[in-house]
There are 2 protein chains.
Amino acid sequence: MRMLKEDTSPLARTDVAIAEAYASVGNVGIGFDILGHCVEGAGDRAEVRRIPEREVRIAAIDGVVSDLPLKPEDNTAGAALLSMLRALDLPFGFELTLHKGIALGSGMGGSAASCVAAVVAANALLDTPLPREALYPFAMDGEVVASGSRHGDNLGPMLLGGLVLATESRLVRIPVPAQWHCALVHPHVVLETRKARAALAGHYALGEFVAQSANLALVLAGCYRGDADLVREGLSDVLVEPRRAPLIPGFYAVKQAALDHGAFGASISGAGPSVFGWFEDRAAAVAAAHDMQAAFRHAGHASDALVAPIDGPAARVV
Amino acid sequence: MRMLKEDTSPLARTDVAIAEAYASVGNVGIGFDILGHCVEGAGDRAEVRRIPEREVRIAAIDGVVSDLPLKPEDNTAGAALLSMLRALDLPFGFELTLHKGIALGSGMGGSAASCVAAVVAANALLDTPLPREALYPFAMDGEVVASGSRHGDNLGPMLLGGLVLATESRLVRIPVPAQWHCALVHPHVVLETRKARAALAGHYALGEFVAQSANLALVLAGCYRGDADLVREGLSDVLVEPRRAPLIPGFYAVKQAALDHGAFGASISGAGPSVFGWFEDRAAAVAAAHDMQAAFRHAGHASDALVAPIDGPAARVV
């Protein structure tokens with residue numbers, strides 16, 4: 001059967017592909033729901049097998065999280081593959097095995113990484129693989145299962161690499177100097193995305209928007225110009241951070257530890273509780289990560305830390 | 001007396017300087033209070049004379065507006081000069097004659113142009129003129145007299161030229177392709193800035209802000225990349241325009257006229273009632289301006305139109 005399929009489709013590639021998508025910092029403080037960058041060092045792996053049945057099956061989930069739904073519609077990666085299958089009207093299906101490397105509720109884009117790893121692996125099994133941008137809608141259909149909202153600030157950087165502006169229909173990679181590094185510290189506390197979103201309910205004043213959009217614009221201009229001073233001036237979340245910080249034990253001490261090491265800025269990664277800082281070079285980020293972890297420990301929580309270039313690599317087929 | 005002063009201060013320049021500041025498009029739809037660009041073709045002129053008394057005097061105001069306060073503290077340009085005089089602790093003063101070329105309440109930055117023309121002229125009279133950015137706080141102290149709020153989206157482009165990101169403390173010029181043009185149409189209706197600001201009272205939803213900041217980011221990225229498609233996708237004001245459009249007779253017809261000529265986007269200039277559109281070249285902007293004026297005429301109002309490059313010139317000493 002497999003031989004026959006390969007014979008009739010000379011462009012068919014292998015029957016199995018494995019892809020890894022890295023963690024990411026969503027929001028980046030000043031770009032709520034629209035800006036994110038990847039952070040190499042932790043990631044989810046998806047092993048996808050092409051199957052003759054036009055369906056999606058989840059064979060197994062293992063790693064740092066395993067109690068996830070196996071029904072494809074209810075699983076972020078499964079839903080992403082279903083979206084891909086239907087949109088492309090493929091004459092075959094996918095069987096997925098997911099190896100979770102990113103904890104759920106960590107604010108490091110765990111659900112997005114599962115979606116992206118799955119669609120990137122599946123894409124490698126297509127007779128004519130699509131460009132990365134074309135996978136975005138499928139990954140988004142998966143992400144919405146986890147978070148309840150359509151935001152691509154984690155998906156975008158995982159698909160394209162580096163710092164990415166992600167609107168509902170468009171991904172734009174923003175240039176970042178290669179030496180700028182991120183320290184990302186993940187305390188061992190779970191903060192559910194839905195709960196973190198609830199903290200944002202209610203109304204906002206126009207002045208808050210003006211201040212936040214000025215900061216966003218400064219960071220974008222600073223990245224395009226490679227101007228650390230502009231980023232330093234802009235990388236300050238006046239809109240979301242004040243509302244979510246109380247959900248994260250020790251947040252302000254952790255942030256201060258980053259700033260004490262010369263961070264351009266530091267804030268909540270995604271919906272939290274992870275905290276990130278941006279630094280001019282790797283050495284500063286490493287030193288800061290150490291003290292950021294100490295601050296979390298002081299607040300009663302062990303943590304993991306990642307240090308990686310902001311302009312990091314996209315998901316890849318391994 | 002004058003001879004004596006010049007003798008004792010060998011660096012002293014002339015005793016009189018004239019500067020012109022051009023009109024501007026504030027907000028640019030997606031950058032409320034923080035983004036603007038200048039539009040050559042209309043402007044305010046300030047004639048500033050160095051006087052021995054350490055004070056600011058307004059000798060006369062003429063042009064399209066003349067019934068403005070002559071008391072320096074109550075006049076935008078006078079207040080800007082006072083701010084400059086005090087901050088620099090100058091051993092002399094300024095006498096100002098203002099020639100207004102921009103109508104008040106037009107949404108074309110009339111008050112800002114008076115401030116900028118005045119400080120640019122006065123700066124030319126200093127023994128050591130300051131860089132343009134250093135004049136920003138003085139101009140801001142003048143602008144606040146007219147508008148009641150500290151926003152630099154008109155001041156910034158007038159001081160630096162082109163498209164400028166203006167936060168309270170910083171000006172950043174954003175690159176724009178030379179061929180991109182703006183059509184700015186000013187209907188002969190007065191819309192007071194304070195009234196236009198009142199339309200923005202109340203609360204805002206976070207989702208509005210996410211959409212607007214995505215649009216802002218697309219426009220900034222599009223300008224840095226010279227990518228018209230990104231600007232076309234982003235140049236849409238979902239936050240302020242819906243609240244102010246009812247104050248402008250015929251607004252939606254005028255906007256549509258711009259879009260019908262291929263505008264990247266079109267919206268309210270500053271606080272209105274002027275309407276601007278951005279176009280890929282001069283010819284499209286000229287054709288659109290014609291039909292935008294026709295749409296205002298249909299709504300009962302005569303208008304003026306300006307067509308100029310978005311990356312236009314800063315205020316200059318003439």
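How many bridges join strand β7 (residues 181-187) of chain A to β9(A), and in which sense do the two strands run?

Modeller: This is a predicted model. Five bridges join β7(A), residues 181-187, to β9(A), and the two strands run antiparallel. Within this pairing A:A183 stands opposite A:G277 of β9(A).

β9(A) also pairs with another strand. Strand β8 of chain A, residues 265-268, and β9 of chain A, residues 275-279, are joined by four bridges, again in the antiparallel sense. Here A:I268 faces A:V275, which belongs to β9(A). The hairpin made by β8(A) and β9(A) has six residues between its strands, and in it A:G270 adopts a positive phi near 55°.

These pairings belong to an open sheet of four strands in chain A, ordered β8-β9-β7-β10, with antiparallel pairing. In general, the strands of a sheet pair through backbone hydrogen bonds. At the edges of the sheet in chain A are β8 and β10 (303-309), each of which pairs on one side only. On average, neighbouring strands of the sheet are turned by 15° against each other, direction ignored.

Helix α11(A), residues 282-298, lies across β7, β9 and β10 of chain A and runs at about 15° to β7(A).

A:A42 is found in β2(A), residues 35-51. A:A42 counts as buried because its relative accessible area is 15%, where the cut-off is under 20%. Beyond its neighbours within four places in sequence, A:A42 is in contact with A:A21, A:Y22, A:A23, A:G101, A:I102 and A:L306. The C-alpha atom of A:A42 is separated by 9.7 Å from that of A:G110, a residue 68 places away along the chain.

The whole structure holds ten aromatic pairs over all chains. One of them, A:Y204 with A:F209, is stacked, at 6.0 Å centre to centre and 25° between the planes. A:Y204 is buried, with a relative accessible area of 0%, and A:F209 is buried too, at 1%. The pair of B:W180 and B:F264 is edge-to-face, with 5.0 Å between the centres and 75° between the planes. B:W180 lies in the loop between β6 (171-174) and β7 (181-187) of chain B, and B:F264 in the loop between α10 (251-260) and β8 (265-268) of chain B, so the pair ties together parts 84 residues apart in sequence. B:W180 and B:F264 are both buried.

Residues of both chains meet in one aromatic cluster, formed by A:Y204, A:F209, B:Y204 and B:F209. Rings also take part in contacts with charges: the charged end of A:R50 sits over the ring of A:F92, 3.8 Å from its centre, and the charged end of B:R50 sits over the ring of B:F92, 3.8 Å from its centre.

The same surface serves both copies, since 97% of the contact residues of chain B recur in chain A.

Key. Residues numbered from 1 in each chain as written. Chains lettered and ligands numbered in written order. Predicted model: local features only at pLDDT ≥ 70, side-chain atom pairs only at ≥ 80, totals over all residues. Heavy atoms only, no water. Phe/Tyr/Trp six-rings, centres within 6.5 Å; stacked < 30°, edge-to-face > 60°. Buried < 20%, exposed > 50% of the residue type's maximum accessible area, 1.4 Å probe, protein only. Lys NZ or Arg CZ within 6 Å of the ring centre and 35° of its normal. Pairing = 2+ DSSP bridges. Contact = heavy atoms within 4.5 Å. Axes fitted to C-alpha atoms, helices over the stretch in contact; angles between N-to-C directions.
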